[in-house]
Amino acid sequence: MTMTATSDDGNAASNAASNAAEEVLVLYGSQTGNSESAAEEITTLIPTQLLKPTPWKARCMHLDDFLELERAQWTRLVVIVCSSYGVGQAPIGARKFRDVCDAILERRNEITKECDNKFLAGVSFALLGLGDSHYTTFFQNPTTIHEALTAAGATRIGELGKADASGTGDDEQSKVIERWIAAIWNDLEKFIATERPPSNDVMEKAREETWELCLELFPEWRPSVITKYSSLLFSLCVVLVAILAHQFLTR
């Protein structure tokens, strides 16, 4: 008897492959929208460009949301697209992340004293930076991000992209962005093929120590006692209302 695969079988196989796929985080900060557009393009392309051993998944978000909402849940492969704004400052969606990077660099000597202190040793990143060379602080924010991540033990993959808003001809910003995106896939594929995934302990250390640094810098992110126990209080109220309703109906 010949067995024929059904659409359900195909869906099950597809779901299993999707569940097995690793995830790339595409993180960005953007003042005018150029970094955001590039990050979204990269996110869309990842499942079609990174296919081994299974198609990789990708999520796109602000650098600050990665810290506050995701609680610094690092993946082993991260793509960052970020610009400089004003006098070398971080753009919208990357200001808290810049504070974290500044803190890492301030503590650089403590981090580099012992290899074990490099808490981002399990993280590898590709970085596309945007800026405007009309300003003396051109590329300062992407440079700070790069220096901080490497100081904490992370490894850069591929070329450090430098897209200049004042570039002309072949160096026009949009052309530089497209060339960087086109070139990064070979670097990412080589990384995936040759680098063994770090252990869960290594990745948990990256998350925990980054999050602890965030709580030190932004104490308002710590859950309040009310927030911490709000779900428990809500559950108790529901139980109490149910008891009172039962007593009323059985009178």
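At 29% relative accessibility, Cys60 is classed as partly exposed, a label for values between the buried (under 20%) and exposed (over 50%) limits with a 1.4 Å probe and protein chains only. Cys214, at 0%, is buried. The structure holds zero disulfides, counted as pairs of cysteine sulfur atoms within 2.5 Å.

The model is predicted, with local features requiring pLDDT of at least 70 and side-chain atom pairs pLDDT 80 or more, while totals for chains, interfaces and linings use all residues. Residues are numbered from 1 along each chain as its sequence is written, and side-chain values use heavy atoms, without hydrogens and water.

Helices are DSSP runs (H or I, at least four residues) numbered from the N terminus. Axes are lines fitted to C-alpha atoms over the stretch in contact, with angles from 0 to 180 degrees between N-to-C directions. The axes of α4 (residues 95–106) and α6 (residues 140–151) come within 9 Å and cross at roughly 55°. The two helices are therefore oblique, the class left once roughly parallel (under 35 degrees), roughly antiparallel (over 145) and roughly perpendicular (65 to 115) are set aside. Contact means heavy atoms within 4.5 Å. On the α4 side the contact residues include Phe97, Arg98 and Cys101; on the α6 side, Gln140, Asn141 and Thr144 are among them. The contact comprises eight nonpolar, three polar and three charged residues.

Helix α8 (residues 200–217) also packs on α4: the axes come within 10 Å and cross at roughly 100°. This makes α4 roughly perpendicular to α8. Asp99, Val100, Ala103 and Ile104 of α4 meet Leu213, Cys214 and Leu217 of α8. Six of these residues are nonpolar, none polar and one charged.

Methods: Nonpolar A, V, L, I, M, F, W, Y, C, P; charged D, E, K, R; others polar.
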